[in-house]
Structures are given as C-alpha cells and as structure tokens.
Amino acid sequence: MEKENKKIYITSSVSIDYFFFLCKIFKKLDYEVIPLYLISESTYRLSAKSLNLNKLYLRIQMYIIYPIYILLIGLISSKSSIFVVSSNTFFAPFLMQVILNIKGNKIIHMLYDLYPDAIEVSGLINPDSFLAKSIGLITSYSFRNCSGTVFLGDYLKRHAESRWGKCKQSDVIDISTDLTLFDDKISQHSSDEKIKLHYGGQLGNLHDANSIIELVKSIYSSDVYDKIEFYFTISGSKADLLKKALKNYPIDVAPTMKSQEWRKYIKNFDIGIVSLSPGGANVCLPSKTYAMMAGGLAILAITPEWSDLAR
C-alpha cells in the first residue's frame, strides 16, 4: 500500500507536550496522523490535585473510558493503520494488541513508565503481591506480542527486559522536546547576580525529595548561601514534605502551572534540578537528553515496510 494511504494513530489518555511533539514528528514525515486523547493537560492537573469526586472521575476517564474509546476507534480503522499507544494507561497497549491483532493492525508500545515497577517503587503495592504479578503478565505479553516497543533510553530497556522478558522487536530513543516551543533568547547571567536553581513539575514517590531537602540545607549552611536562590513549582505526594522541611528557609515554593506558562517562566532560572530515587531511575530514567526527530524514526523502523525511510 502506498505511503499516503497509511494512517498513524497516536494515543495518550492525557494531551501533554510530548504527545503533540510525537504527532508533529510524524506530520513532518508526511504521514496522516490522527491524535487520540481524552483529557487536556489543564483538566488533568486540576483533577489530580483534588481530593474529591473530580479525582475519581479522572481515574475513570484514564482507566475505563479512554481504553474503550481508542479500542472502538481501532475496531473501525483500516487494517493497515498503525497505533502508537503510550503507557500512561499501562494496559492500553496490551488491550489494543489482544483485540486488534485479529484485524492485523500493528501496535507500537510507547513505554514511558514501566509497570508494575513504578507503583512498586512508590510503595503502593508489594512486588510479591498477586496484583504486581498480574500487571507483570500484562507487561510481558505486550513485550512479546506488540509489533514493537519503544524505550526511553538503554537503561530502561535493560531493566525492563531483564525482568519481564525480551520484546518481539524494540528500539531505543532518548527523551526529547520540541525546542520550537521555547524562546531561544537566553539572558546572560551577571556575575553580581545570585544563581537561581529551579525544580519544576512532579515531586512524587519516584523522586528523591530528601536529597533535594539536604541540598538546600547544605547550601544555606555553607559560605555560598548568599550567592544562590532556590525556586520550586511542584505538585505530587512529596510536595508537602518539601514545604514543611524547608519552611524556615528563604525559598520560593509554588504549585505547578500550565506548560505554556512554564515555558516562559523557566527563562528566569540558571540551573534546573532533576532528582529521582534509585528505584525511580530504574523505571523511568532516559540515558541522555536530545531534541531531535529520533522518536518518530525509531517507531517507523520497527515497521518493516517503512524501514527504508527510517534509515
């Protein structure tokens, strides 16, 4: 079949930046791209912070309505269509593979976070529990049967396959970002200005909040305390821990913001801080960071009839 008749469905329960970046990559390669998502980023962030029915409804959307939605689209799609299914609803690649394999659709498992490992590290379930083993069986099936699996980094691939078995076919990409969304004009740091350090985004069970806390305390007890400032725009299960631990220090702690606002906000800082727990690094740490088109090319390489283009 001719290339122009091919359709790529990019699926994610939440429409965050990386989702649109992946769609953009395929469009640049002249394929017909159909984005499938259910929840906007702003809705997700608001609902995730709530402790009421909004959060319950968010979970229903992510784990019930969204899988049904993409499955129905898959059932009415042509058999030549390819689905790139992200792991933010962990069983979605498995479900799509089981059902759409009957038609012959190709399912590419876009693995961002590894399950059950991610929720084991967070302490939500025991690695030896029936639930952990059941989720592991889903991951193993997806690895063995999806047309391909794309990992963010060699480290994640080695860890995942050592525990859940080899993939039918796989490739590795480095985490990337769409630099066109950012202003490339960076103000020069003056030697008499304080160095501004910033941690932004999720500070949850996979992140090493204690190391960040100790870093701040160490800096403010050293002879360079008057040369450095810390800023945090955070949410997640360990956000309150950090706030309480550092409440007596002159740092700025604010809630997370929309991506569009955040991209402008980070221009104010000199250094970004990243912190993952050892277990968190196992399940979601990419090996390097680049901004390039490798994501789309790696996925295309998994599909044999497209391999010439991908190379």
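## Close-up views of a predicted model

**Figure 1. Strand β6 is mostly covered in this predicted model.** Five of the six residues of β6 (residues 106-111) are buried. The model is a prediction, and its chain averages a pLDDT of 82, with 85% of the residues scoring at least 70. On one pairing, β6 runs parallel to strand β5 (residues 82-86), with five bridges between them. Within that pairing, Ile82 has Lys106 of β6 as its bridge partner. Strand β6 also pairs with strand β7 (residues 148-152), again in the parallel sense, over four bridges.

**Figure 2. A right-handed β-α-β unit includes strand β6.** The unit is made of β5, helix α4 (residues 92-100) and β6. Its two strands, β5 and β6, pair in the parallel sense.

**Figure 3. Tyr115 and Pro116 are joined by a cis peptide bond.** The omega angle of this bond is about 10°. Most peptide bonds are trans. Pro116 is placed in the loop between β6 and α5 (117-121).

**Figure 4. Four strands form an open sheet with parallel pairing.** The order of the strands is β11-β10-β9-β12. Strands β11 and β12 (271-272) are the edges, each pairing on one side only. Strand β9 (residues 195-202) and β12 pair in the parallel sense over two bridges. Leu197 stands opposite Ile271 of β12. Helix α8 lies across β9 and β10 (228-235), and runs at about 160° to β10.

**Figure 5. Tyr220 and Tyr249 form a tilted ring pair.** The model has a count of 16 aromatic pairs. In the pair shown, the ring centres of Tyr220 and Tyr249 are 5.9 Å apart and the planes meet at 50°, so the pair is tilted. Tyr220 belongs to helix α8 (residues 209-220), while Tyr249 sits in the loop between α9 (239-245) and β11 (252-254), so the pair ties together parts that are 29 residues apart in sequence. What is the relative accessibility of Tyr220, and does Tyr220 count as buried or exposed? Tyr220 counts as buried because its relative accessibility is 17%, and buried means under 20%. Tyr249, at 27% relative accessibility, counts as partly exposed.

**Figure 6. Five aromatic residues make up a cluster linked by ring pairs.** The members are Tyr199, Tyr220, Phe230, Phe232 and Tyr249. Tyr220 and Tyr249, the tilted pair of the previous view, are thus shown here with the other members of the cluster.

**Figure 7. Gln61 is a buried residue of helix α3.** Helix α3 spans residues 53-76 and holds Gln61. Gln61 counts as buried because its relative accessibility is 12%. Leaving aside residues up to four places away in sequence, Gln61 touches Leu38, Ile39, Tyr66 and Pro67.

**Figure 8. Residues 286-311 have pLDDT under 50.** For this stretch the model has 68 contacts beyond four places in sequence. Across the chain as a whole, the average pLDDT is 82.

How values were computed:
Residues are numbered from 1 along each chain as its sequence is written. This is a predicted model: local features need pLDDT of at least 70, side-chain atom pairs count only at pLDDT 80 or more; totals for chains, interfaces and linings use all residues. Side-chain values use heavy atoms; hydrogens and water are left out. pLDDT is the predictor's confidence in each residue, from 0 to 100. Contact means heavy atoms within 4.5 Å. Rings of Phe, Tyr and Trp (its six-membered ring) pair if their centres lie within 6.5 Å; planes under 30 degrees apart count as stacked, over 60 as edge-to-face and the rest as tilted. Buried means under 20% relative accessible area, exposed over 50%, partly exposed in between (1.4 Å probe, protein chains only). Two strands pair if DSSP finds at least two bridges between them. Axes are lines fitted to C-alpha atoms, for helices over the stretch in contact, and angles run from 0 to 180 degrees between N-to-C directions. A crossover is right-handed if, with the strands pointing away from the viewer, the path from the first strand over the helix to the second runs clockwise.
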